[in-house]
Amino acid sequence: MANDRPGSVTLVAVLAWISGALDVFSGTLLLFQTSVNATVDQFGGPSQLIASALLTILIGVVVIVVGVGLLRGNSASRIVITIFEMLSIIGSVFLAIAYPAGAIGEYFSIAFSAIVLLLLWTRRASAFFGD
């Protein structure tokens with residue numbers, strides 16, 4: 001099946017890994033902001049800031065791990081990646097609004113997630129996943 005894999009699916013797997021890495025990176029940076037009172041206040045307290053950061057990191061890790069299934073043509077991986085990329089976009093929009101100083105990283109994350117979604121559902125990709 002790997003021989004039939006469209007280049008767009010390989011690209012999607014790589015972009016999914018990058019997107020996941022950006023989520024892990026931005027979530028980790030957010031964790032380091034717990035000592036900045038203005039940032040903590042923007043999130044409504046330290047618990048909300050930590051929860052947002054950990055959720056962002058978790059989404060990134062899952063996207064990276066499930067990206068391997070994309071290369072194997074696993075349609076469940078495609079659904080999981082789609083769900084997590086959508087969650088990543090929602091989370092990045094939230095973080096860009098809640099913490100404008102770190103918004104540039106979130107904009108990159110949104111762009112990568114959108115590209116992943118577009119490429120993951122092309123006609124050739126759907127054929128590869130057996131749809």
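Glutamine 33 is buried, with a relative accessible area of 19%; the residue counts as buried because the cut-off is under 20%. The model discussed here is predicted. Glutamine 33 lies in the loop that joins helix H1 (7-31) to helix H2 (37-42), within a protein whose secondary structure consists of 6 helices and 0 strands.

**Surroundings of glutamine 33**
- Beyond its neighbours within four places in sequence, glutamine 33 makes contact with Thr39, Val40, Leu49 and Tyr99.
- Of these partners, Thr39 and Val40 carry numbers that fall in helix H2 (37-42).

**Secondary structure and dimensions**
- Read from the N terminus, the order of elements in the protein is α-α-α-α-α-α.
- Along the principal axes, a box of roughly 55 × 20 × 20 Å holds the C-alpha atoms of the protein.

**Burial and contacts**
- The protein has 131 residues, of which 42% count as buried, and glutamine 33 belongs to the buried class.
- Among contacts in the protein with a separation of 6 or more, 72% are between residues 24 or more positions apart.

Note on methods. Residues are numbered from 1 along each chain as its sequence is written. This is a predicted model: local features need pLDDT of at least 70, side-chain atom pairs count only at pLDDT 80 or more; totals for chains, interfaces and linings use all residues. Side-chain values use heavy atoms; hydrogens and water are left out. Helices (H or I, at least four residues) and strands (E, at least two) are DSSP runs, numbered from the N terminus. Buried means under 20% relative accessible area, exposed over 50%, partly exposed in between (1.4 Å probe, protein chains only). Contact means heavy atoms within 4.5 Å.
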